[in-house]
Amino acid sequence: MSLVLIHTDRFAEHQTPPGHPERPERAEVMDVVAARWRQRGVDAVEPNAASRDQLARVHDDAYLDLIEKTAGRAVKLDPDTYTSPESYEIALLAAGAAVDAVERVMNGRHRAAVALVRPPGHHAERDRAMGFCLYNNVAVAAAHARAGGVGRVAIVDYDVHHGNGTQHIFESDPSVLYVSTHQYPYYPGTGAADEVGYGAGRGFTVNLPLEVGAVDDDYRVVFDDVVLPVLREFTPELLIVSAGFDAHERDPLGGMRVTTPAFAAMTMALRAVAEECCRGRIVCVTEGGYDLHALAASIDAALETLSGHASEPRWPSSAIESLRGRTAAELARASLGPIWPLA
Ligand SMILES: [Zn+2]
């Protein structure tokens with residue numbers, strides 16, 4: 001089987017305060033999805049914990065010490081980000097799952113690897129926990145690939161939030177391309193189109209800020225006109241996806257209206273680029289997605305796409321009219337507050 005899932009039911013052990021959207025039930029959804037795919041004959045393996053050396057490629061030592069010291073304790077790290085006594089250990093497994101996913105596809109054992117993890121990672125900065133994220137799982141994975149000799153790694157991030165941490169970690173590095181679609185303006189406030197990277201990395205950060213209310217058709221246009229051509233020009237040797245499903249129309253945090261079939265289409269489009277550029281090597285690592293039904297359905301749709309035969313991406317025809325062309329005043333209504341407005 002050319003697809004592998006990396007997952008453990010231990011991801012539910014990372015507890016957040018009552019009412020927090022990044023809740024253990026998200027892990028239970030992943031357990032159910034993983035069990036179903038295991039029954040269908042897809043390989044599913046337990047992750048290894050990330051090592052200190054693997055984390056230190058993208059995080060500062062002082063920050064690693066700080067997170068290590070939360071072991072056994074419940075700590076508030078930022079207005080949205082909390083640990084429970086288990087979180088340190090579970091966050092190591094989440095980052096380790098992303099590393100294992102890279103190992104699996106780079107050694108040729110599998111073509112595609114999907115790490116079903118929590119906590120998510122893309123807001124975590126080099127020196128700071130943020131937006132539910134402790135370690136930047138995808139950044140740790142990309143750095144692991146680079147350390148293993150992969151020349152060019154592309155990261156595509158379709159989570160509804162901009163992956164500030166991932167962008168900042170690689171913004172002066174031309175060997176790691178970061179491409180993000182996200183609601184804008186919105187949490188975390190970064191991700192404007194003119195943020196394009198620095199120094200040698202200039203041009204290797206591509207931000208595609210989208211208006212609140214964007215529909216499948218908007219994503220199709222952005223993928224066809226920018227994401228896919230940019231990837232083809234970069235010709236990655238490995239494609240990593242920050243697979244957040246909070247742009248889903250049912251998501252309680254995001255303001256987008258993406259449907260489940262559109263997540264399948266995005267995945268198919270990315271798979272096609274991976275097949276063109278890098279022998280199909282694609283690693284998906286989960287990020288956000290806070291409606292449990294939408295999360296289950298979207299992960300399923302992505303797995304269906306990665307496990308089956310390649311085909312043309314089938315974008316759903318949008319029943320809802322696109323909001324492209326809305327006025328700046330309408331755009332400005334989107335908030336720049338915390339990621340968790342209920343708090
Ligand atoms: Zn998100």
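This is a predicted model: local features need pLDDT of at least 70, side-chain atom pairs count only at pLDDT 80 or more; totals for chains, interfaces and linings use all residues.
## Basis of the model

Local features need pLDDT of at least 70 and side-chain atom pairs count only at pLDDT 80 or more, while totals for chains, interfaces and linings use all residues. Residues are numbered from 1 along each chain as its sequence is written, and side-chain values use heavy atoms, with hydrogens and water left out.

## Overall fold

The protein contains 10 helices and 10 strands; helices (H or I, at least four residues) and strands (E, at least two) are DSSP runs numbered from the N terminus. Along its principal axes, the C-alpha trace spans about 50 × 45 × 45 Å.

Of the 343 residues, 59% are buried, meaning under 20% relative accessible area with a 1.4 Å probe, protein chains only.

Asp159 lies in the loop between β6 (153-157) and α6 (164-170), and Asp246 in the loop between β9 (238-243) and α8, so the pair ties together parts 87 residues apart in sequence. Both Asp159 and Asp246 are buried.

## Helix α9

Helix α9 (residues 292-307) has 16 residues. Its buried residues include Leu295, Ile299 and Leu303. Among the elements that cover the buried residues of α9 are β1 (3-6), α1 (24-39) and β10 (282-286).

Methods. The expected span of a helix is 1.5 Å times one less than its number of residues. Buried means under 20% relative accessible area, exposed over 50%, partly exposed in between (1.4 Å probe, protein chains only). Contact means heavy atoms within 4.5 Å.
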